[in-house]
Each structure stands twice: as C-alpha cells, then as structure tokens.
Amino acid sequence: MDIRKFLKQYWFQLGVFVLLGLPLLFLMQENVLRSVVLLLSLIIWLVVSIKTKSIVLSSILYILITLPLNLTYQLPTHVLFFNTDPYASGIYTNYLVPTISILDIGLVLLIASYIYEYGWRHMWVILHKYLIYLIPLGLFILLQSVFRLDLNSLVNGGRLILGILSLLLLIDYFKTQKHSNLYKYVLWISIASVLVQGVLGTIQFLNGSSLGLSMLGESQVVSGMLGSSFVTLSNEVFLRAYGTFPHPNVLGGFFVMNVLLGIFLYSKSKGFYKKLSVLLVILSGIFVTLTFSRISTLLVLIIVLVTLVHRLVKGKLFSFTPLLLVERFTNLISGNDASWNDRVSLMKSSFSVIKNNLMFGTGLGNFTKGMEKEIPSTVNGVLLIQPVHNVLLLMVAELGVVGSLLYVFLLGKILVSNVSKMNWFKWLAVLTLLIVGCFDHYLFSLPQGMVLGGILLLLLVE
C-alpha cells in the first residue's frame with residue numbers, strides 16, 4: 001500500500017478521526033469502557049467511509065448505529081460567563097445539566113462530511129430558501145441563552161439547530177444523492193439494533209434489573225426501586241424493558257419507528273430484502289410489548305392493522321400482546337393509573353410555567369427550573385421533576401411564543417417545500433408523531449428522541 005497516496009486520499013476522514021479521538025484519551029480517566037465504546041464507534045465510521053468511499057453515507061449509518069446508545073458527557077455547569085444551576089427546589093436534576101450526546105457527534109460528522117463531499121456551493125443551494133427562518137431562530141436561541149447566562153439552554157439550542165441542518169441535508173441526500181445500497185445497509189443495521197434492544201429488554205424484564213451495561217448507556221434500574229420504571233400487574237411487580245435507552249417509553253418509540261421503517265423498506269426492496277423488512281416489523285411488534293408503553297403498543301397495532309387492510313391481506317390477525325398488557329390498558333380506563341394522573345399534574349404545572357415565561361420561554365431544557373415553585377407530586381408524595389409530557393406545551397414553555405412561532409414557521413416551510421402528495425403511509429407517520437407528541441416529551445427533549453422524530457419526518461419526504 002502506498003502510504004502517501006492513502007493519506008492524500010483519506011486525509012479528511014483521518015483528520016476528523018484524530019480530532020474527535022484525542023479528547024477520548026482524557027475522558028478515559030472518568031470512564032474507560034465508555035471511552036472505548038466511543039472510540040470503536042469512530043473506528044467503524046472511519047472504516048465504513050473508506051470502504052464505501054462516501055463520508056456522508058458513513059455518517060448516516062453512524063447515526064443509525066449509535067441511535068440506541070444513551071452515551072452522554074455532562075459538561076461543567078460553570079463555563080466562561082455561563083453559570084448553570086442544576087438544582088430545582090434544592091434537588092439535583094439531570095434535565096438541567098448541559099450534556100453532550102454521542103448523537104451530537106453523529107450530527108456534526110454528517111454536516112462536516114456533507115460540506116467536504118459536496119462543497120459550500122451545494123450547501124448554499126440547500127439552505128438559502130430557509131435562511132429567512134433559520135437565522136432568526138438561531139439568533140433567538142443564542143440571545144435567550146446569553147441573557148440568561150445559561151449553558152444548558154445554549155447546548156440544547158445548538159443541538160436543535162444541528163438537528164434542523166441535518167434534516168435538510170438528509171432530505172437533499174435522499175432526493176438527489178441516492179446510494180444504491182443505502183436501504184440494504186439501513187435494513188441490516190435496523191434489524192441488528194432491534195434484536196439487541198429486544199434481547200436486552202427481555203432479560204431486564206425477566207431479571208427485574210439492569211445488566212450493568214453502563215458503557216452502552218444502560219440505565220441502572222431495579223424493579224420496584226424509586227426512579228425505575230416498573231408496573232404492578234396482578235399484584236406482581238415487573239420492570240419495564242429499557243434496552244440502552246433512558247426510559248421504556250423511548251425504547252417503545254424506537255420500536256414504533258422501526259415498524260414504520262420496515263413497512264417503508266418493504267416498498268423499496270426486492271426478494272430476500274422484502275422478507276427482511278417483514279422480519280423487522282414482526283420483531284419490533286413483539287418486543288414493544290415488554291416496554292409496557294400503551295401509546296407505543298397501540299400505535300404498532302394501528303400501523304400493522306392499517307397496513308394489512310391497505311394491502312388486502314386475508315387471514316387471521318394474531319396479537320402478540322400478552323394478557324398482562326391488557327390489564328395495563330384497563331388500569332387507564334378504570335382511573336387507577338398513576339402515570340395518567342402524573343401527566344395531568346405536569347400539564348397543570350406547565351400552564352403556570354408558560355404564563356410566567358409567555359413571550360421568551362424558560363430556555364431549552366429548563367422546564368423543570370421554570371416550575372420550581374409549583375412542582376407537582378405523585379400519589380406517593382414524590383416530586384415530579386421532569387418535563388411536561390406534551391411536546392407542544394413543552395415547546396411553548398421553553399421557547400415562549402416568539403421562539404415557538406419561529407420554530408413552527410421553519411418546520412412548516414421545510415415540510416411544505418419537500419412533502420409531496422400524502423398517502424396512507426405518510427398519514428400513519430403523521431399520526432405517530434402527533435400521538436407520541438401529545439403524551440410524551442422525548443421527541444423534543446432528548447437527543448435520541450429528536451433523532452427518532454427526524455427519521456419519522458424523513459419518511460414523510462420519501
């Protein structure tokens with residue numbers, strides 16, 4: 001091998017690898033195993049970019065591979081003139097800590113590789129018609145953070161802007177820069193991810209505790225322990241499946257997304273890969289039950305039923321939902337469900353937060369700080385220090401009326417400019433976004449949730 005020719009040909013990939021890999025040497029002092037996982041992920045990105053000869057494709061696959069990993073690094077709360085207070089009512093709150101995710105690395109890789117591979121002029125062609133919306137939103141987030149001297153808001157705002165830019169680049173990629181094997185890569189990665197998350201979730205459910213895989217971002221939880229998400233059914237306590245996601249509801253959303261993705265890939269595949277697409281749908285539909293997420297389970301049933309009806313498939317429909325999950329739904333109807341009462345309490349508190357920060361909001365990621373004086377409690381007296389489980393209310397509370405309008409106008413412009421004629425499948429994707437957004441917050445508040453939401457939006461464009 002000619003080393004000079006190799007370095008000249010792949011200088012960008014090697015430079016990015018070194019630039020991102022060096023800081024991991026310092027992070028090893030805090031967590032060796034997590035640093036090794038991060039380094040391995042970058043090695044995978046480097047190898048795939050060289051093998052496929054497409055840095056953009058490699059970055060897309062990197063985001064898809066690392067999507068399930070809840071790997072984060074908490075920044076110092078005191079940086080320059082920023083002074084972030086991570087306490088709400090005297091209680092340390094993770095939502096108030098500025099945090100960088102492995103998915104942030106993926107978004108940066110995507111944007112940088114797009115610029116390198118297609119050039120600044122192409123970037124201008126993509127972005128110029130959105131700048132009238134994008135620049136005001138970016139300036140609003142920057143000024144909101146600076147005036148509040150809040151690093152948490154700045155970091156979350158930066159992630160939002162990176163996500164929007166990445167969405168625009170991916171729309172362009174799928175429309176104009178298609179790779180012949182892209183859907184095959186996506187299908188294999190999705191099946192592997194669903195299998196891994198499903199198996200991990202099953203073992204967590206059966207053992208009633210986490211598996212000690214913190215180097216992959218697994219939450220440390222035990223059935224019945226405060227802070228863990230579990231259900232009590234038939235007088236027995238069950239730990240809900242987490243996988244390596246921060247909460248079972250997010251894992252449920254991951255499986256719902258893969259059901260839709262499997263249906264989409266089925267329409268784009270032939271022969272053996274059609275069967276793989278069906279397998280992806282089936283596996284996601286089975287594993288979602290162990291999350292005990294009613295919204296996710298209901299969405300999977302609706303999506304599968306509508307798809308079968310649309311394709312006029314005859315035969316019996318088998319439900320993978322166990323009887324215990326039926327009790328999970330009947331609790332909601334009978335009014336004995338604590339999680340529903342908690343959601344209502346958070347919604348009531350959100351109205352006060354919005355009222356007190358009507359025009360300019362609390363700052364992204366600061367909802368819990370905004371309700372500091374009116375934090376609701378569970379029936380057991382535990383403080384509910386978490387975002388309201390409704391994307392619209394959370395957005396208005398954190399961005400205010402001004403920021404929310406800027407964000408909605410930008411998102412509306414993106415959709416109007418790129419979404420062609422709607423069909424039954426696209427309406428299912430819209431229904432998924434609406435229902436999840438009405439009953440949970442992760443599509444707007446968590447890095448993994450934002451990427452899940454971005455993938456659902458991409459399904460509207462294709």
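Leaving aside its neighbours within four places in sequence, which residues is F254 in contact with?

Tutor: Before the answer, please keep in mind that this is a predicted model, in which local features need pLDDT of at least 70 and side-chain atom pairs count only at pLDDT 80 or more, while totals for chains, interfaces and linings use all residues. Residues are numbered from 1 along each chain as its sequence is written, and side-chain values use heavy atoms, with hydrogens and water left out.

Once its neighbours within four places in sequence are set aside, F254 is in contact with L67, P68, S193, V194, Q197, F245 and L452, where contact means heavy atoms within 4.5 Å. Together with I164, F254 touches the most other members of the largest nonpolar core, which has 124 residues; such a core is a set of buried Ala, Val, Leu, Ile, Met, Phe, Trp, Tyr and Cys residues joined through side-chain atoms within 4.5 Å, with buried meaning under 20% relative accessible area, exposed over 50% and partly exposed in between, for a 1.4 Å probe and protein chains only. Helix α9 supplies the largest share of this core, 12 residues.

Helix α8 (residues 182-207) packs with helix α9 (residues 248-268) at an angle of about 150°, and their axes are 11 Å apart. (Helices are DSSP runs of H or I with at least four residues, numbered from the N terminus; axes are lines fitted to C-alpha atoms over the stretch in contact, and angles run from 0 to 180 degrees between N-to-C directions.) The two helices α8 and α9 are therefore roughly antiparallel to each other, a word used for angles over 145 degrees, whereas those under 35 count as roughly parallel, 65 to 115 as roughly perpendicular and the rest as oblique. On the α8 side this contact is made by Y183, V186, L187, S190, S193, V194, Q197 and G198, and on the α9 side by L251, F254, F255, N258, L261, F264, L265 and K268.

Helix α6 (residues 131-148) and helix α7 (residues 151-176) pack at an angle of about 165°, with 8 Å between their axes, and that makes α6 roughly antiparallel to α7. From α6 the contact involves L134, L137, G138, I141, L142, Q144 and S145, and from α7 it involves S153, L154, G157, L160, I161, I164 and L165.

The loop between α6 and α7 holds L149, which has a positive phi of about 50° although it is not a glycine; L149 is partly exposed, with a relative accessible area of 37%.

Helix α7 also comes up against helix α15 (residues 391-418), for their axes come within 12 Å and cross at roughly 5°, and α7 and α15 are therefore roughly parallel to each other. Here L160, I164, L167, L168, I171 and K175 of α7 meet Y407, L410, I414, S417 and N418 of α15.

Finally, consider L107, a residue of helix α5 (residues 102-127). L107 is buried, with a relative accessible area of 10%, and, leaving aside its neighbours within four places in sequence, L107 is in contact with I63, R159, L162, G163 and S166. Although L107 and Y62 are 45 residues apart along the chain, their C-alpha atoms are separated by 9.3 Å.
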